[in-house]
Amino acid sequence: MSDVIVIGAGVVGAACAYYAAAAGMDVTVLDRGPVAGGTTGAGEGNVLVSDKEPGPELDLALLSNRLWRELAAHGGFEYEAKGGLVVAETEQIQRQLVALAGKQGVEHTVVPGGALHDYEPHLAQGLAGGVFYPQDAQVQPMLAAARLIRHGAESFGHGALRLRTGVTVTGFLREGGDGGRVTGVRTDHGDIIGGAVVNAAGTWGGEIAAMAGIELPILPRRGFILVTEPIAEPLIRHKVYTAAYVTNVASDSADLETSGVVEGTPSGTVLIGASRERVGFDRTISIPVLRRLAAQATALFPVLRDKRVIRSYCGFRPYCPDHLPVIGADPRVPGLLHACGHEGAGIGLAPATGHLLAQLLAGERTDLDLTPFSPGRFA
Amino acid sequence: MSFEITVDGRPVRVTPGQSVGAALHAAGITSWRTTRHGGRPRGLFCGIGVCFDCLVTVNGRESQRACLVEAMPGDEVTTS
Amino acid sequence: MTHETSHDTAHDTRHDSGYDVVVIGGGPAGVAGALSAAQAGASVVLIDAGARLGGQYFRHQAGGRPTGHGAERFARQCRALESRATLLLGHKVWAVEQDGDGSITVHCLEGRDERPVSVTARAVLVATGAHDRPLPFPGWDLPGVFTAGGAQALLKGNGVTAGRRVVVSGTGPFLLPVAAGLAAAGASVAGVFEANGLFGLARHPLLAAGKAGEAVGYGAALARRRVPYRTRHAVVAAHGTTSVTHVTVARLDPAWRILSTRTVECDAVAAGYGFVPQIELAVQLGCATGHSPDGSPVVAVDAAQRTTVAGVYAAGEPTGVGGAALSELEGRIAGLTIARDLAAPGGSLDHVPGVLRRRAERLRAFGEALQHAYPVQPGWQDWLADDTLICRCEEVPLAAVREAMTLGATDARSVKLLARPGMGWCQGRVCGYAVSCLSGEPTTQAPRRPIAQPIPLGCLERIDDEQPR
């Protein structure tokens, strides 16, 4: 018997479990695979405030940004507060970027075209300018998820936070029949009883919801990443992306959209994204997508032309039609809470999601109004 | 029959058809790269292009597998 | 001359959809497959990264000839193929894809300049062979330590011996020709250490009958040169600072736990514990996989070498390691099947002569028996120290692999995500088997490597301008 059962050992599930355990609850995390084996394991580790329109998601991102810095202080995983540089190809785009930065009210520096190379010496010539966001950061998401769970287990009393991998949830235990309060989960390893159940199954959150007889419209939005050879001298200092990334993130199109996103990692590799397309859970390589990613990256950093791609992988972002995550208690199913549907921002938004959900579970007032993220908006 | 290439400026004799890596090994050079973290020496290991231990720069072209690249007269090989 | 008629027809279609068949790999399976498909009337292109046909088994020096069992026959096949097919040597395949209409596009980098080149065909034969399966041990990343196949390639392809005084270690019959080759080339072979017992070989009726002749031949050659051959022994550590100067050789119990050790001086080690079939291209095309008796993932094929994906065929080691003779047979069968399916798609087997099928079955059973006779025993994990590198590329020590498992990694992939073994240049080709064993997987998972060879971004961005071949 746990106070809370968290379904999903990705970074969001790990954060929910961590903050719930910190609040004194007894938590069990279940995952059908290993820790961080789903979308968390296919992410770049973005902790971004720069790409968010003003509104509830930006508020969530700012809270999360602060929490990530606190969590990183515990150590055990890579966290780089290196800042993000959004660049504009034309003067018109630069004016739009500056206008957006003004509305966001986030710490930033407008960078004129002539000063871009002070930030990124290898950036292409001829760009109109950019905006630098010092709060943008990068985290190694898999290790972060695993370490959060470990740190939670060690900090809040052994037995307070348990991870069970290789356990597949097959249904819910309900009080007094199908419509009743959730009292636990059925799994392929037997029933597990809990006071509340958190659906942190990411892209598969809709499938978990369906087991409770409700609909969550979460769809996979595929993204490819190219990984270069490890490069001895760091060529790229910040997370660098083009303005098109912001519009692509906010787009509803099912068709392929790509934008140049380039960043180095502590291991020396350069990660190159980002593509978005809704094609279900199809892992088949798309060479035209890889070609576009390569072209966009070398347009930003011509020095990358001589560097080799050694790997490519794809992942499935949990996409909601309104681009907002689903965070909160489900009004249709007492005892079931959701923490999923973060699309491509799950790594960045995980700590705030876990923190707010833990406040909700503890019956406290939440630091942010959860209404915009309410599961009830789909009811 | 044999010809010369240079490795970091030093001449190395090559029998035609030999790979750059084989020529280096035959010349008594068993390692020509160090690892990023531990600074460990690396040379040939798998010999067939699988392990990437033997990387060199050939005529300015970076990250070539020395075991796969057939040496040509006058090749300039640099190591890291 | 029905051959010529269908050949002409095939040429006409080349302009629309390239060749009838693209064969990837120029070893025994690829050459036989290409030749039998071409002789049956198909237009064929064969691609290989090497400068010469031969693959690993028939690797030979420039201006030289393949040697070994079946070399004459292989050379004849190569000559016959030259006039019947397009040969694209020096072409590294970095990706392969299948269009909605089933046609195959193979993306290559040509030559030292790595020009992007593409080849399209109606069918593909994956004949990509295998590479060594090393096991880590302390010091295995010292220069002078080679895979067994690496030492062999250095010798056969370049005429260079791995060292002056070489120790050969590992398991399986491949150790014998490696040692014999080194000894014949003038190296002093300080010992051949076979981790398994010999009785496995002798007790198996199939093996005793089949391989005895060859093994006795190598054994006699080694005995003439007074090369010690010890079973239940292995190199369990290599020592030196800039390169190997000596090794620790252990006497092993049947589970490969160390019973006693001694030191042997040497300047090179050739170590091999079987082979890993190279199947990533078939995996990328969506072919179903299975496992061979030694736990390696292999491409699943029917008795006519068809994979589970229409238009995709596999022959040789990718379907299970069985040696050059079996590879050639599978290649021949695949070539016949491809020609047959191009004319009349279907699942028929009756186009394969019974004699070929029976010989292939016999050799396949023999290959599987060998894998049973030379298993990798779990005791090798006791040879490792906490700081022994498991992943050479990313320099991941054993301790980091073990820690990833305590953090919730349950298989090789999740260990990779947490601790990075397999994330580097070789993409887990070298350490994949070891990580799989250490993470407790019963069998190694099929590799997902959509980019099969490193490709410069400057080439990748220009693939729309690829030269069609």
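This is a predicted model: local features need pLDDT of at least 70, side-chain atom pairs count only at pLDDT 80 or more; totals for chains, interfaces and linings use all residues.
Two bridges tie strand S4 of chain A to strand S8 (residues 137–139) of chain A, and the two run antiparallel. Strands here are DSSP E runs of at least two residues, numbered from the N terminus, and two of them pair if DSSP finds at least two bridges between them. Across to S8(A), A:Glu80 has A:Gln138 as its bridge partner.

Residues are numbered from 1 along each chain as its sequence is written, chains are lettered from A in the order written, and side-chain values use heavy atoms, without hydrogens and water.

| Item | Value |
|---|---|
| Residues in contact (heavy atoms within 4.5 Å) | six of chain A, five of chain B |
| Buried area (accessible area, 1.4 Å probe, lost on being put together, summed over both) | about 470 Å² |
| Salt bridges (Lys or Arg side-chain nitrogen within 4 Å of an Asp or Glu carboxyl oxygen) | one |

Of that buried area, 31% is on carbon and sulfur atoms. On the chain A side, A:Glu229, A:Pro230 and A:Arg308 lose the most area to chain B, together 59% of what that side buries. As for the salt bridge, A:Lys307 forms one with B:Glu62, with the closest N and O atoms 2.8 Å apart.

Note on methods:
Buried area is the accessible area (1.4 Å probe) that two parts lose on being put together, summed over both. Helices (H or I, at least four residues) and strands (E, at least two) are DSSP runs, numbered from the N terminus.
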